[in-house]
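Hi there,

Here is the structure I promised to pass on. Please have a look when you get a moment, and my notes follow below it.

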Amino acid sequence: MRRHRRAKIVATVGPASNSPEMLKALFLAGVDTFRLNFSHGTHEDHAKVHAHIRALEKEVGRPIGILQDLQGPKIRVGTIKDGKIAVAKGDTIRFVLKGQDGDRDAIPLPHPEIFAAVLPGHHLLIDDGRVRVKVTSLGDDSMTAEVIFGGIISNRKGVNLPGTLLNLSPLTAKDRADLEFGLNLGVDWVALSFVQKPSDMIEARGLIGDRAGLMAKIEKPQALDQIDDIIRLSDAIMVARGDLGVEIPQEEVPGRQKELVRACRLAVKPVIVATQMLDSMVAAPTPTRAEASDVATAIYDGADAVMLSAESASGAYPLEAVSMMDRIIATTERHKLYHSLIRASDPSEEQTPPHAVAAAAADLAEAVRAPVIVAFTSSGTTAARIARKRPEVAILAITADQAVSRRLCLLWGTHSALSEDIHSYEQMVDVATAVSQSAEFAKLHDQIIVVAGIPFAQAGTTNNLRMLQIGG
């Protein structure tokens, strides 16, 4: 079955959506990749969902992507006497490394990496920024801080440190166990939380290798400082606006989103815009107008995919949320200004033969009004180079690698299909025409554009462009 839109939908699976019946309904409504959030649920829970998705994939005869999202380190205050304390602006409070049942003079913060890295003037944000304090002095295993924004500090609330680079691996012992479990299951993507620096990606790549695509979640301001290197070391990027919006001023998030989407297009890497896109649909059957505009803005920016979190995982209206997102995307892409806005943000083309061939294919397809560009790809790169141009023409990526076909479920404008390896021009023509027709992208006598690499089935060799007529 063919999607009549370009941007993809990622939906998080949870109690509201983990049954085979609901997973199928969500796929039919528009989900291209399912996200398994390893901050919640057991291995047994995730294994069941994985099996349901793979059974659904076999039933519908179309690749479906599965994204494993690792929890990452969680920095939290410890336990407090009576469960909580109230602090007001101007108060002086004290954090300590060790202890429990603390009060305002000894709030437990059992994270030695914080005390090793924090400096006077640094800020701590508690409970998603509801309480903000500024460090004023440091002692042995303690720190004193002034309250900037008052509120309630209660047991185990999260702590963000936007101005502090922590000597902390993004992979905890739990993450490493979850990662090995997910890779053995056969997930297609692994999203790495708490990325601060390029070496974090190198550490994760050493564990993952080529068993799954590696995605960096951009949720720390430190990552923005080295974003080009992080993108280079990643296979995809997630703009994780939840924590990012806590750690940088919220008014900066929209601009950062645009920067990240453009940087990923330039680097030929898929990019997901995530967090609270249709958040009111957790409890209501329709979104706010602001939320609809938020989704549309990501589409106008040129994002490869947009993501639902609690809306599909635990909300009361998971199917309605997916259907709404599908309609917003499709309507936005049909708007008369869509293509002109996308083209206005086109990144400059790399001066290499593979990029030139891919760009020429997009231009030629639009010039002759071809219904589809067929990309033969062994790694997915050929399709990604074409998608980088955001052509008005559909992209049909044909690959012999099932893992690649599933990862392409995140790539803008791309429908992936499986086929045996091709070894000759004649076979290329036969497969391109057959799959184009069976997937309902073209019909008899249509002109289609075919892009491939020669030698066939060799990664990184996008060097051949051909226009052919089906049945001609």
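Predicted model: local features only at pLDDT ≥ 70, side-chain atom pairs only at ≥ 80, totals over all residues.

Let me start with the helices. Helix α1 (residues 20-29) packs against helix α2 (residues 43-60) at an angle of about 50°, and their axes are 10 Å apart. That angle makes α1 oblique to α2, and the crossing of the two is right-handed. On the α1 side, the contact is made by Pro 20, Leu 23, Lys 24 and Phe 27, while α2 brings Val 49, His 52, Ile 53, Leu 56, Glu 59 and Val 60. Sorted by class, this contact has seven nonpolar residues, one polar and two charged.

Now to the cavities: the structure holds three of 30 Å³ or more. Six charged residues line the largest cavity, together with three nonpolar and three polar ones.

The second largest cavity has a volume of about 40 Å³. Among the residues lining it are Cys 264, Arg 265, Asp 304, Ala 384, Arg 388 and Leu 411. Helices α9 (253-267) and α15 (381-388) each give two or more residues to this lining, and α15 contributes the largest share, three residues. Here the lining divides into five nonpolar and five charged residues, with no polar ones.

Enjoy exploring it!

Best wishes

Key: Residues numbered from 1 in each chain as written. Heavy atoms only, no water. Axes fitted to C-alpha atoms, helices over the stretch in contact; angles between N-to-C directions. Helix = DSSP H or I, 4+ residues; strand = E, 2+ residues; numbered from the N terminus. Parallel < 35°, antiparallel > 145°, perpendicular 65-115°, else oblique. Left-handed = near helix turned anticlockwise from the far one by under 90°. Contact = heavy atoms within 4.5 Å. Nonpolar A, V, L, I, M, F, W, Y, C, P; charged D, E, K, R; others polar. 1 Å grid on protein atoms, 1.4 Å probe; cavity = no way out; pocket = protein on both sides within 12 Å on 5 of 7 lines; lining within 4 Å. Points joined across faces, edges and corners; volume = space filled by probe spheres on them.
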